[in-house]
Structures are given as C-alpha cells and as structure tokens.
Amino acid sequence: MSQTAGGEPREGGLFLEPPELEGYLGLALKVDRVLFHKKTPFQELHVVEAGPLGRVLLLDGAIQLTTWDEPAYHEMLAHVPLLTHPDPKRVLIIGGGDGGTLREVVKHPGLQRCDLCEIDGEVIEAARRFMPGVAAAMDHAKARVLVEDGLAFIKKAEASYDVILVDSSDPQGPAQGLFGPDFYRDVKKALKPGGLAVSQAESCNFFGPLLKDMFGFLGGLFPLTLYYLALVPTYLGGTIGFALNSLGPDPLAARPAGRRLAGLGRLRYYTPALHRAAFALPAGYREFLSDAMARRQLGEG
Ligand code: SAM
C-alpha cells in the first residue's frame, strides 16, 4: 500500500494525517475512493470513502469527521451545554459547516432559532452533497445558515444567545483566532445572562501548552471554566476535549432527565451518566489546568 504522508489522499493508498508530537505520531487512513477535492479560498477540502469508516471530511489533511463516529463529537458538543442551560432558546454555532452540531441542536424542542456561521461555503456544499445524514438540518425551519467569518460575526452580537458552540477546526488558518482571548471576550458579550459557551478544544496530550494558555485567560473572563472529554476513535489519540465557559449554569449540577432528555430521541453517545463522567480528568492534565479547574475536576483540596 502506498503511503502519502502530508500529501494527497489517493485511491487505494494509505493517507497519513499531518502528525503531532513534533512529527512523531500520526493517524493513517486507508482511502477507497476520493469523492471530492477542492482548494477553497480558505483550505484544501477532501471528501473520501474509507470502508467501515464511511465518508470522511478532511480539511488541510486533518480528519474533521467520519460518518462512522461523528455522533460522539456532535452529541457531546451540543447536548452537554444545552441540557445544562435551563431553557436554551437561541443558539449560535461558529464553524460546524458540516451540519452535525446543528442536527443535534435542532432536536431540542424549546429551541427558537439556531444561527450557524461558517466561514467556508464550500464545506457546507460538500456536506450537503456527500454527507446528507450529517447535514440533515441545514434546511430546518429553526436554522439560519450564514457564510461569514465567525470572528467578525460575533462582534456584532450583544447579549443575543443562550448557548454558543464553537465547532472549529484546528488552531491554524481561519480558525487561529477562535482560540484567542479577543474572540472569547466577544463570546462573553454575545451571551445572554446565564449563558454558556462550549468550544472544540483539542487534546491535552497534543495541545497542552495552547490549552494551558487558554484556561489561563478563560478563568479571568468567565465565572466557571471546565474541560471535558469525549471518545472519538478517528481523532488522534481517540480523545477530543471541549472547553465549557459559563456565566452561571454548572454542568455538574445539571440532572438531565424527563421530557427534555426524551425529546432528543435515540442518541449514539450522550447519556446523563457520561455528561458527568466526561468532566473527570486524568491526573497528568494538572499541569495544563487552572487551580479552580483542578479543584473541581481532579478532586484537589
Ligand atoms: N469536528 C471538527 C474537528 O474538530 O475536527 C470541526 C469540524 S467543522 C468542519 C470546522 C469548521 O470550522 C470548518 O468547516 C472551518 O471552515 C470552520 N472555520 C474555521 N475558522 C472559522 C472562522 N473563523 N469562522 C467560521 N468558521 C470557521
């Protein structure tokens, strides 16, 4: 089998994601078919087919999702904050142009509107065309899909949203600013009182210094910052993290149950038990967490 590290996914070849840990560890994907390839103004986009993994969306060579395991990521990004907030009516998704997070958000019966702000219209079109099950809610009556830079969009929003979900790609290119303090100041301003924000926040195993820096400034901005994990086999290391920032509601005090939970129908990953368990972190993450996070999430003191 031919290997194409850092190159193009090729039919019948083994494609290697750009590796982490100074280039020492990477994920390999066997590609059966390349369904779509385009250099957009923002990034290089591929949709490939990969046997049991189904269809895979790659941006600049990094796996964004596979249709095999995407529910884990999208359910945990959406349902943890939406079931923590007492009554989420207005939701904003920044990024997430594949539509998976939107599909989960519109399941919440009390929702009035979900805005999705994706910088790259080509991602939206590719998901609609090649991943209809993921993009299923793009035309939902409560969804408003905008093609715009999330960094600019959020500046115009003031006390507008109950929940903001930052479903971004890795901190490079157009997504770089979505990991910085100026953006989070705008996120805070865009939240209604008692609102919550959750962001895709990589893994401490590979992005420790970036997360340490982020948790440092987030702790100064929000009354409550926590980090939680989900198991997603097709992300390097099998784990992805989320940073939760709250102006009030505490996810560890939430007791998801009853009609709001039942209204979500049959899920593939999220359970109320996982909602709590996801916030329990390994001891080795201590060096990246703030003291307040370590007290809550490692049981210190
Ligand atoms: N689940 C994915 C992951 O963690 O690998 C994220 C998926 S989603 C496809 C990420 C999206 O964020 C991409 O479509 C990208 O175009 C979008 N994005 C990156 N920077 C952005 C920005 N500044 N504003 C809005 N969307 C952005």
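## The four-stranded sheet

Let's start with an open sheet of four strands, ordered β3-β4-β5-β6 and paired antiparallel throughout. Strands here are DSSP E runs of at least two residues, helices are H or I runs of at least four, and both are numbered from the N terminus; two strands count as paired if DSSP finds at least two bridges between them. The edges belong to β3 (33–39) and β6 (62–66), each of which pairs on one side only. From one strand to the next the twist averages 20 degrees, with axes fitted as lines to C-alpha atoms (over the stretch in contact, for helices) and angles running from 0 to 180 degrees between N-to-C directions.

Zooming in, β3 and β4 (residues 44–49) are joined by six bridges in the antiparallel sense.

## A note on the model

This is a predicted model, so a pLDDT of at least 70 is needed for local features and 80 or more for side-chain atom pairs, while totals for chains, interfaces and linings use all residues. Residue numbers start from 1 along each chain as its sequence is written, and side-chain values use heavy atoms, with hydrogens and water left out.

On the domain 1 side 23 residues are in contact with 22 residues of domain 2, contact being heavy atoms within 4.5 Å.

The area buried between the domains is about 2,100 Å², with carbon and sulfur atoms giving 68% of it. Buried area is the accessible area (1.4 Å probe) that two parts lose on being put together, summed over both. Within domain 1, E20, F42 and L65 lose the most area to domain 2, together 25% of what that side buries.

## Polar links across the interface

Between domain 1 and domain 2 there are six residue pairs in polar contact, with both residues at pLDDT 80 or more. A polar contact is a pair of N or O atoms within 3.5 Å; within protein, one must be able to donate a hydrogen and the other to accept it, and residues adjacent in sequence count only if both atoms are side-chain atoms. On the side of domain 1 that touches domain 2, the elements giving two or more residues are β3, β4, β5 (55–59) and β6. The biggest share comes from β6, with five residues.

How many salt bridges cross the interface of domain 1 and domain 2? The rule finds one, where a salt bridge is a side-chain nitrogen of Lys or Arg within 4 Å of a carboxyl oxygen of Asp or Glu. Over the whole structure, the search finds 18 salt bridges. K38 and E122 form a salt bridge, their closest N and O atoms 3.1 Å apart. That pair links distant parts of the chain: K38 is in β3 and E122 in helix α3 (residues 121–130), 84 residues apart.

## The seven-stranded sheet

There is also an open sheet of seven strands, in the order β9-β8-β7-β10-β11-β13-β12, with mixed pairing. At its edges stand β9 (143–147) and β12 (224–231), each with a single partner strand, so one side of each has no neighbour in the sheet. Here the strand-to-strand twist averages 15 degrees.

β7 (residues 90–95) and β8 (residues 113–118) run parallel, joined by five bridges. R90 has R113 as its bridge partner in β8. Helix α6 (residues 204–221) lies across β12 and β13 (239–246), running at about 155 degrees to β12.

## A loop residue worth a look

L267 sits in the loop between α7 (258–262) and α8 (272–277). Leaving aside neighbours within four places in sequence, L267 is in contact with E75, H79, E104 and K107.
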